[in-house]
Every structure is written in C-alpha cells, then in structure tokens.
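Here's a quick walk through a few spots worth a look in this model. Keep the viewer open as you read.

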Amino acid sequence: MPSPANQDKQDTLLELLLKKDEAGMRYLFDHYGGALNNIIGRIVTEPQICEEVLQDVLLRIWENADSYEPGKSRLFTWMARIARNAAIDRVRSKGYRQNGKTDGIDAIVVNHTTLSETMPVEHIGLAKLLDALDNNYRSIIDLLYFKDYTQAETAEALDLPLGTVKTRSRRALQKLRELLKNELIILLVIALF
C-alpha cells in the first residue's frame, strides 16, 4: 500500500497528465524519471540508448495517461510496466541486436559485469567454462546466447547448415551442463572437508 505522500504524488501526476498540462511532464521526469531510468538500465546496458528509451517511455506515459486504470494497479506500477516493456522491445529489436553483433565473446564474458545484478560473470567462472568448449561450439554459443542471434542468423553468419547449428548448439549446452555438474561436485566435496 503506497504511503499517503506517495499517493498524493501519484494523484497530482495523474491529474496533470490527464489535463495534458506541460507541468505534468516536468513532474513526471522530476519525480519518477530516475526510478524509470533504473528499470530501463537493468535491461538496456548502453547509457545513450537507455536515455532514448526513457524519453520514449515518458512520451508514452504522457500520451496514454487516459488508458491508466486505477483499479488495476498503482500509477507507478503501470509506468514501470511501460518502461520495462519498452526496454525489452528495444533489446529485442533488430537494430539493437545488430549493434551487439560486433562485440566479441571475450569482451562480453570478461568485461561485462551487468549480466548479473549480484555478481560479475568472471566470478562465477563462465569464461573458464566457455574456454573448455571446442571453438566450433563456442562460436555458436557466442552468437546464440550472447549476441541474441537466431539459429538461422547464426547459420548464415558462420556459413553452416541450419541443422549443424542446431546440433552443435545442443551438444554445446550438454557439454556446459556436464562441466557445471562437475564444478558443483567439486564445490560440494570442498564444502564437506
């Protein structure tokens, strides 16, 4: 249940948005822009694109305030859902994926600390596990899971038949599963002693 102060802020914002008062946009940005930006930033990692998505979200909220239904959710929950969906849409867009296709797996695995909110990737040993894969499997995993290629796009990029990509990706995942299982067994043995 929102505090009375938060409820008052939301009521004020909704009233301004419904009137299409310009002060509503300033109020929205001043009071909710940071929180919405944080939601978007968890999904969209590039700051410039994150700002673009935030601007789109603020505009959507402004234009669609009349579609908000107070009986279904709090105003902030409604706005947060718009922000999250917009961020996911941007990440799934072909243009965004094309930009990511230029990064190598080493840059993603070693330098990308935002894949987990709680722990950097290098601390969980993902780079070590991927190094254990054959290059044919590693390149497929890189494209499919780190660069968000489809299987067809991966087949085209690697100049392989689609069936080969499917088979190799399945085998790579089996190998990773086996490696993770072995790591878990080692951790359990260490924990027992």
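Which residue just after α9 takes a positive phi? That's D159, with a phi of about 55°. Keep in mind that the model is a predicted one.

While you're looking at α9, check what is tucked away there: the buried residues of this helix are E153, T154 and A155.

## α8 against α9

Helix α8 covers residues 135-146 and helix α9 covers residues 151-158. They pack with their axes 9 Å apart, at an angle of about 135°. That angle makes α8 oblique to α9, and α8 passes α9 in a right-handed crossing.

Who does the touching? On the α8 side the contact is made by S139, I140, L143 and L144, and on the α9 side by Q151, T154, A157 and L158. Sorted by class, the residues of this contact come out as five nonpolar, three polar and no charged.

## α2 against α3

Now move to helix α2, residues 22-41. The axes of α2 and α3 come within 9 Å and cross at roughly 135°, so the two helices are oblique to each other. Here too the crossing is right-handed, with α2 passing α3.

From α2, the contact draws on E22, G24, M25, L28, F29, G33, L36, N37, I40 and G41. From α3, the partners are C50, V53, L54, V57, L58, L59, I61 and W62. By class, this contact has 13 nonpolar, four polar and one charged residues.

S73 sits in the loop between α3 (47-63) and α4 (75-92). Is S73 buried or exposed? With a relative accessibility of 15%, S73 counts as buried, because the cut-off for that is under 20%. Leaving aside neighbours within four places in sequence, S73 is in contact with Y68, W78 and R81.

The model has two aromatic pairs, and in one of them the rings of Y68 and W78 have their centres 5.5 Å apart. Their planes are at 55°, so the pair is tilted. Y68 lies in the loop between α3 and α4 while W78 belongs to helix α4, 10 residues apart.

Conventions: Residues are numbered from 1 along each chain as its sequence is written. This is a predicted model: local features need pLDDT of at least 70, side-chain atom pairs count only at pLDDT 80 or more; totals for chains, interfaces and linings use all residues. Side-chain values use heavy atoms; hydrogens and water are left out. Axes are lines fitted to C-alpha atoms, for helices over the stretch in contact, and angles run from 0 to 180 degrees between N-to-C directions. Helices (H or I, at least four residues) and strands (E, at least two) are DSSP runs, numbered from the N terminus. Angles under 35 degrees count as roughly parallel, over 145 as roughly antiparallel, 65 to 115 as roughly perpendicular and the rest as oblique. A crossing is left-handed if the near helix is turned anticlockwise from the far one by less than a right angle, and right-handed if clockwise. Contact means heavy atoms within 4.5 Å. Ala, Val, Leu, Ile, Met, Phe, Trp, Tyr, Cys and Pro count as nonpolar, Asp, Glu, Lys and Arg as charged, and the others, Gly among them, as polar. Buried means under 20% relative accessible area, exposed over 50%, partly exposed in between (1.4 Å probe, protein chains only). Rings of Phe, Tyr and Trp (its six-membered ring) pair if their centres lie within 6.5 Å; planes under 30 degrees apart count as stacked, over 60 as edge-to-face and the rest as tilted.
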